[in-house]
Amino acid sequence: NPIHSPRLRLWDDTSMAASMISRHVAVIGAGAAGLVAARELHREGHRVVVFERESRVGGTWVYTPGTEADPLGTDPGRAVVHSSLYKSLRTNLPREVMGFGDYPFLARADGSGDPRRYPGHEEVLAYLEDFAREFGLEEMVRFEKETVGVGMVEEGGKWKVKWRMRNGGGGGGGGGGGNGRREEDVFDAVVVCNGHYTEPRIAEIPGIDLWPGKQMHSHNYRTPEPFQDLVVVLIGSAASAVDISRDIAKVAKEVHVASRSYEDKTLGIQPDYKNLWLHPMIEKAHEDGKVTFLDGGSVGADIVLHCTGYKYHFPFLETNGIVSVDDNRVGPLYKHVFPPLLAPRLSFLGLPWKVVPFPQFEYQSKWIASALSGRIALPSEEEMMADVEDFYSELEAAGIPKRYTHNLANSQFEYNDWLAGQTGSRPSEEWRKKMYSDSSRKRRAGPETYRDEGEDETLVSQAHEDFAKHPS
Ligand code: FAD
């Protein structure tokens, strides 16, 4: 098998010897990750082509009222809608924290747009569009070209990227569409930035097959109106579960949130609501329409709404199992980015979750770009593999399930600083760390109010002083 040949994963001798080699690199996806990857690769002197299946940049932040035909989003043949944004969504991070390190997410000086510190989703899309314009990134993007295959070429260690026109045959925004025109191009390297909030993860509920109600996943939630006067059981406790339960409670008869993680004292009717309850997880769904919870409570419900997160999904990867997804662990990956056997030619950007995404994408992108140019050397394949194995053993010893492999809730800044150290970049700013932890605390304490609470003026001014010192 050519992929297993060590000869193929090495650069040829001339390129190994030289520094700052310019590679021909394919980036898959023009969301925030793909955009900053394109910028950093270009800055490092690489020639970049970004494949984007939609007709504009922004990825997740391109809101669409359209949803998928299968409300649970589990039919593999369904026409895929990429974004999971709901209409009322405001960011769950303050804008100062959220923006790229050298291109701050500032309110517009002329007062246009949405100047709030936790703005609506339109403002984030406008920011990403500005970012793309500022750095001439759109010129690198091939729009409406969906990558359908990424695999190694037999000889020379290059990568073949197969793609098809998305909408040519009337696909109209659906992943199953396209007129079938397929082509392929060869690259030195591929950076995968396809996002991981599109492929729903569904809670397993005993008895659900015979339960007469409807089910859907938050991926297909847009507005509360369809829930008017219904009894809704919503599963989940992450940011979108908190937002959506409150959105729906405005119109639904009753909203019952079933959660795995809660403090006993928070169960029951929620403060300031007459129709919103918190319960332990669902025990069973019954043929008569009842849903019972693990504490013995029960409700007759019309709909179960799964706000249970997403799965990593790379339907285009043809790496003969060298990289795979196992219980939502993408692996083996050195520092969540490089498969040791295929590094640096194949890389994954933006896999960690419970992080501040944009600045982390930027750190990862700089690392990938420098490894590809030869400006920095990665450890040997064996060393990277040993590091990955140690990491997996640590997770196992700590009783952390595989599906939490990329959860960096407790280590994101340490991880960013490690990445920064690899490329000689600035580590995470102290104000960003503090503002992040303050906002997380405020969110937990007041999920309805944290976005509009008073600002910590000292931190905000530290952020602005820093922005002024480090222009892009
Ligand atoms: P995406 O934005 O998903 O971009 C991936 C791109 O790849 C898309 O444009 C897609 O069309 C393209 N693509 C996919 N497959 C292919 C293919 N086969 N061929 C070609 N192109 C392809 N982050 C924050 O910082 N603050 C927030 O407040 C926040 N709130 C969020 C709320 C929700 C509901 C969700 C789902 C996410 C939220 N996030 C938030 C996280 C958000 O996902 C990141 O901010 C960021 O947008 C992820 O960028 P990405 O480029 O990795 O992925």
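Predicted model: local features only at pLDDT ≥ 70, side-chain atom pairs only at ≥ 80, totals over all residues.
Ile282 stands opposite Phe293 in β15. Residues are numbered from 1 along each chain as its sequence is written, and side-chain values use heavy atoms, with hydrogens and water left out. Strands (E, at least two residues) and helices (H or I, at least four) are DSSP runs, numbered from the N terminus. Two strands pair if DSSP finds at least two bridges between them.

**The β14-β15-β16 sheet**

- This open sheet has 3 strands in the order β14-β15-β16, with antiparallel pairing.
- Its edge strands are β14 and β16, and each pairs on one side only.
- From one strand to the next, the twist averages 20°. Axes here are lines fitted to C-alpha atoms, for helices over the stretch in contact, and angles run from 0 to 180 degrees between N-to-C directions.
- Strands β14 (residues 282–285) and β15 (residues 290–293) run antiparallel and are joined by 3 bridges.
- The hairpin of β14 and β15 has 4 residues between the strands, and Gly289 takes a positive phi near 100° there.
- Strand β16 (residues 298–300) is joined to β15 by 3 bridges, again antiparallel.

**The mixed sheet**

- An open sheet of 4 strands has the order β6-β5-β4-β19, with mixed pairing.
- β6 (182–187) and β19 (317–318) are at the edges with a single partner strand each, so one side of each has no neighbour in the sheet.
- β4 (residues 145–152) and β5 (residues 159–165) pair in the antiparallel sense over 7 bridges.
- Thr147 has Trp163 in β5 as its bridge partner.

**Ligand surroundings**

- The ligand is surrounded by 31 residues, and the closest are Glu52, Thr60, His82, Asn92 and Thr147. A residue counts as near if one of its heavy atoms lies within 4 Å.
- A polar contact is a pair of N or O atoms within 3.5 Å; within protein, one must be able to donate a hydrogen and the other to accept it, and residues adjacent in sequence count only if both atoms are side-chain atoms.
- A polar side-chain atom of His82 lies 2.7 Å from a ligand oxygen atom.
- An N or O atom in the side chain of Trp61 is 2.9 Å from an oxygen atom of the ligand.
- Arg53 uses its backbone: an N or O atom there lies 3.1 Å from a ligand nitrogen atom.

**Nonpolar cores**

- A nonpolar core is a set of buried Ala, Val, Leu, Ile, Met, Phe, Trp, Tyr and Cys residues joined through side-chain atoms within 4.5 Å. Buried means under 20% relative accessible area, exposed over 50%, partly exposed in between (1.4 Å probe, protein chains only).
- The largest core has 87 residues, and Leu305 and Phe358 have the most contacts inside it.
- Helix α7 (residues 357–373) gives the largest share of this core, 8 residues.
- Apart from it lies another core of 26 residues, among them Ala26, Val49, Ile322 and Val330.
- Phe358 touches residues including Trp61, Met98, Phe100 and Leu128, not counting residues up to four places away in sequence. Contact means heavy atoms within 4.5 Å.

**Gly421**

- Gly421 lies in helix α9 (residues 412–423).
- Gly421 is exposed because its relative accessible area is 54%.
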